[in-house]
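Subject: The structure, and what I found in it

Hi,

Here is the structure I promised to pass on. Please open it and keep it beside you as you read.

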Amino acid sequence: FRSAFLPAAERYGVAHVIDQWVTRRCLAWLHEGSAAREGVTRCSINISGATLSKESFLYYVEDQLVRYPVDPRDICFEVTETAAISNLRAARKFFAKFKERGCTFALDDFGSGVSTFSYLPDLPVDYLKIDGSFVRNMDPDRLNREFVRSINSIGKTMGLQTVAEFVESPLVLKLVRDLGVDYGQGFFLHRPTHATMSGEP
């Protein structure tokens with residue numbers, strides 16, 4: 001889905017429509033306080049690079065937060081490192097605007113581009129999500145293990161929390177724990193689930 005559908009959506013100029021729909025439905029769901037939310041303390045919303053470059057999206061999110069007055073601390077916006085670097089000025093503005101409101105930010109697929117390290121101090125993110133291509137191949141690839149160790153160390157030095165993507169086996173979970181990574185994400189920990197959301201489509 002992510003590798004085929006979303007690039008096509010960006011190519012045909014409809015990614016921002018999808019991101020608006022997801023944002024609106026997510027905020028509405030949080031605002032409802034439904035039983036399905038039990039145990040969910042924070043909801044992450046992925047933003048595409050094409051959407052990030054549109055200043056109108058910033059105002060759209062502001063409007064939706066007025067329409068659905070949820071606690072901003074319950075929202076984490078995720079942006080891939082490639083999107084953030086490609087749209088650095090827009091990313092800084094978007095991050096700063098909603099950081100003031102209390103939202104948190106995650107830099108997704110971190111490590112997939114070497115330029116990130118020089119720009120990272122300028123991006124007020126809270127989480128580094130370590131690119132899954134390194135994590136899933138930590139065993140037996142020692143080089144990937146060192147990549148994960150280095151990214152985790154950089155994150156901790158900057159006071160950020162780290163997330164290992166693609167944790168798909170007990171061994172990989174043990175390896176990331178041994179390295180001191182804060183959180184894990186992957187099929188071994190939990191499969192995607194469907195939450196029913198009422199309201200407009």
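Which residues in α2 meet which residues in α4? From α2 come D19, Q20, T23, R24 and L27. From α4 come F57, Y60, V61, Q64, L65 and R67. Keep in mind throughout that this is a predicted model.

**The chain as a whole**

Start with the overview. The chain has 201 residues, and 42% of them count as buried. Its secondary structure comes to ten helices and six strands.

Helix α2 covers residues 15–32, and helix α4 covers residues 55–67. They pack at an angle of about 20°, and their axes are 10 Å apart. Why call them roughly parallel? An angle under 35 degrees counts as roughly parallel, and theirs is about 20°, so α2 and α4 are roughly parallel to each other. Their crossing is right-handed. By class, this contact has five nonpolar, three polar and three charged residues.

Helix α4 also packs with helix α6, which spans residues 88–101. Here the angle is about 15°, with the axes 10 Å apart. That makes α4 roughly parallel to α6. The crossing of α4 and α6 is right-handed. On the α4 side, the contact uses E55, F57, L58, Y59, V61, E62 and L65. On the α6 side, it uses K93, F94, K97, F98 and R101. These residues divide into seven nonpolar, no polar and five charged.

Look at F57, V61 and L65 while you are there. They are among the α4 residues that meet α2. They are also among the α4 residues that meet α6.

**α10 and its buried side**

Next, go to helix α10, residues 170–179. Which of its residues are buried? They are V172, L173, L175, V176 and L179. These cover an arc of only 160° around the axis, which puts them on the same side of α10. On the other side, P170, R177 and D178 are exposed.

What covers the buried residues of α10? The cover includes α8 (132–135), α9 (142–157) and β5 (161–164). Just after α10 comes G180, with a positive phi of about 85°.

N152 lies in helix α9. N152 is buried, with a relative accessible area of 5%. Leave out residues up to four places away in sequence, and N152 touches I130, T162, L179, G180 and V181.

L160 is in the loop between α9 and β5. Is L160 buried or exposed? L160 is buried, with a relative accessible area of 10%. Again leaving out residues up to four places away in sequence, L160 touches V125, D126, L128, G155 and D182. Take V125 from that list. L160 and V125 are 35 residues apart in sequence, yet 7.6 Å apart in space, C-alpha to C-alpha.

One general point first. Most residues other than glycine have a negative phi, and most peptide bonds are trans.

- D109 has a positive phi, near 55°, and is not a glycine. D109 lies in strand β3, residues 104–110. D109 is buried, with a relative accessible area of 16%.
- F166 has a positive phi too, near 60°, and is not a glycine either. F166 is found in the loop between β5 and α10. F166 is partly exposed, with a relative accessible area of 33%.
- D139 and P140 are joined by a cis peptide bond, with omega about 10°. P140 lies in the loop between α8 and α9.

**Where to start**

Find α4 and look at its contacts with α2 and with α6. Finish with the cis bond between D139 and P140.

Best wishes

Technical notes: Residues are numbered from 1 along each chain as its sequence is written. This is a predicted model: local features need pLDDT of at least 70, side-chain atom pairs count only at pLDDT 80 or more; totals for chains, interfaces and linings use all residues. Side-chain values use heavy atoms; hydrogens and water are left out. Axes are lines fitted to C-alpha atoms, for helices over the stretch in contact, and angles run from 0 to 180 degrees between N-to-C directions. Helices (H or I, at least four residues) and strands (E, at least two) are DSSP runs, numbered from the N terminus. Angles under 35 degrees count as roughly parallel, over 145 as roughly antiparallel, 65 to 115 as roughly perpendicular and the rest as oblique. A crossing is left-handed if the near helix is turned anticlockwise from the far one by less than a right angle, and right-handed if clockwise. Contact means heavy atoms within 4.5 Å. Ala, Val, Leu, Ile, Met, Phe, Trp, Tyr, Cys and Pro count as nonpolar, Asp, Glu, Lys and Arg as charged, and the others, Gly among them, as polar. Buried means under 20% relative accessible area, exposed over 50%, partly exposed in between (1.4 Å probe, protein chains only). The arc is that of the directions from the helix axis to the C-beta atoms.
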